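Here are my notes on the two-chain model you passed along.

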Amino acid sequence: MAQEWATEHLQVIRTLMERSAIYRRALAPIMLLTGTLGLVAGVAGFAEGEWARMSKLSLPRFFVLYWLGVGLVAVAGAYLLVRRQALRDAEPFWSLPTRRVTSAILPAFVVGLVVGLVAALPRWREPLQIWWLPPVWMALYGCALHAAGFFMPRGIRLFGWLFALVACVFLVFVNQRSYGAGMPPLHWAHGLMGGAFGGLHLAYGVYLYFTEKRKNEA
Amino acid sequence: MNPEPFLQLDRVIHEKGRLAIMSLLATVPQLSFTELRDTLNMTDGNITAHIRTLQETGYVSVTKEFQGGRPLTTFALTPRGRKSFTQYINLLEQIVQQTKSGK
């Protein structure tokens, strides 16, 4: 009896201690913002010829710098939303869970940035080589989400897996096509980025919008 | 069974609500009022009452500041609170071990 009671108490303590480290900010607005930004950027990317001519960049270089820019805007937007939520709830912005999530995503994000910069540096880069970037970025992003998922609701880890698996499918596709029929024009890579980063985030954001709302009402 | 550990349990921490607050504060440097309230699904009044008791015992420190023009109240375990919490857990483990070994 005493053992059961004490064990139960210890279990409650353990559960509460774990719960305190979980990131609790509403994710739907972040997903919706990232998704919308990704989709708009993907659609706008179809006019890459115009953009590249205006910016006097080659198409491959434009692709890399364009999506690095979109990524930076998305990250900045996400942190601004987190800060706004923290201020609204009278909570510290740079809380322990926020720091943990940031630490978890940071390595993959840094690698993604470096891979992008390395791809953008040479002026002679072939469009074919650039086609490797979207799946590599997706895979890194999936790994980042999965790592962050240990401090977030479980769905984030599954979302990370989804990105990683989609990335694997496209890695196989790019590999096959690069030896055979050749890759489609680079504006389709913009479409892929928009579809993956925009479409998936938007779909998950809509799902979270309704489920988080329901949870808050309960 | 030796009733000694059971009798030594800290009555301030032993209360369910205060134990929950202490457990949360034990893992983080500090928590805000709303974080605490939302994680534990407690009412404002409940949190305030428990925090007052814990503060009076010297287990929790309360900091009031302004962030973005809004008042922000945060709570943290004091060294004394951390020590008492650790002792409380050790005693619980002792009770479990004692019962297991049939003392």
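1. **Ground rules.** This is a predicted model, so to speak of local features I need pLDDT of at least 70, side-chain atom pairs count only at pLDDT 80 or more, and totals for chains, interfaces and linings use all residues. Residues are numbered from 1 along each chain as its sequence is written, while chains are lettered from A and ligands numbered from 1 in the order in which they are written.

2. **Chain A overall.** Chain A has nine helices and zero strands; helices here are DSSP runs of H or I with at least four residues, strands are E runs of at least two, and both are numbered from the N terminus. The C-alpha atoms of chain A fill a box of roughly 75 × 35 × 30 Å along the principal axes. Of its 218 residues, 35% are buried. Buried is taken as 20 or more other C-beta atoms within 10 Å of the residue's own, exposed as 12 or fewer, and partly exposed as in between, with C-beta atoms placed from the backbone. Among contacts in chain A with a separation of 6 or more, 78% join residues 24 or more positions apart; a contact means that the C-beta atoms, placed from the backbone, lie within 7 Å.

3. **The largest core.** What does the largest nonpolar core hold? It has 47 residues, and those with the most contacts inside it are Phe63(A), Ile130(A), Met138(A), Tyr141(A), Ala144(A) and Ala148(A). A nonpolar core is a set of buried Ala, Val, Leu, Ile, Met, Phe, Trp, Tyr and Cys residues joined through C-beta atoms within 7 Å. Helices H2 (28-45), H4 (59-88), H5 (96-120), H7 (133-148), H8 (155-179) and H9 (187-217) of chain A each supply at least two residues of this core. H7(A) gives the most, with eleven residues. As for Ala144(A), leaving aside neighbours within four places in sequence, this residue is in contact with Ile105(A), Ala108(A) and Phe109(A).

4. **A second core.** A second, separate core of 23 residues includes Ala6(A), Ile13(B), Ala20(B) and Tyr59(B).

5. **Helix H8 of chain A.** Buried positions in H8(A) are Ile156(A), Phe159(A), Gly160(A), Phe163(A), Ala167(A) and Phe170(A). An α-helix has 3.6 residues a turn, so residues three or four places apart point the same way.

6. **Chain B overall.** Chain B has six helices and three strands, in the order α-α-α-β-α-α-β-β-α from the N terminus on. Its C-alpha trace spans about 60 × 25 × 20 Å along the principal axes. Buried residues make up 26% of the 103 residues in chain B.

7. **The strands.** Strands E2 (residues 60-67) and E3 (residues 70-77) of chain B pair in the antiparallel sense over eight bridges; pairing requires at least two DSSP bridges. Here Val62(B) has Phe75(B) as its bridge partner in E3(B). Their hairpin has two residues between the strands, and Gly68(B) takes a positive phi near 60 degrees. Strand E1 (residues 31-32) of chain B also pairs with E3(B), antiparallel and over two bridges, with Thr74(B) as the partner of Ser32(B).

8. **One backbone angle to look at.** Asn41(B) has a positive phi of about 55 degrees although it is not a glycine. Most residues other than glycine have a negative phi. Asn41(B) lies in the loop between helix H4 (33-40) and helix H5 (44-57) of chain B and is exposed, with 8 other C-beta atoms within 10 Å.

9. **The contact between chains.** How many residues does each chain bring to the contact? Chain A gives 18 residues and chain B gives 26 residues. On the chain A side, the largest share, ten residues, comes from helix H1 (residues 2-19). By class, that side has eleven nonpolar, four polar and three charged residues. Nonpolar covers Ala, Val, Leu, Ile, Met, Phe, Trp, Tyr, Cys and Pro, charged covers Asp, Glu, Lys and Arg, and polar covers the others, Gly among them.

10. **Ile13(A) up close.** Ile13(A) lies in helix H1 of chain A and is buried, with 20 other C-beta atoms within 10 Å. Not counting residues up to four places away in sequence, Ile13(A) touches Leu19(B), Ser23(B) and Ile89(B).

Technical notes
Two residues are in contact if their C-beta atoms, placed from the backbone, lie within 7 Å.
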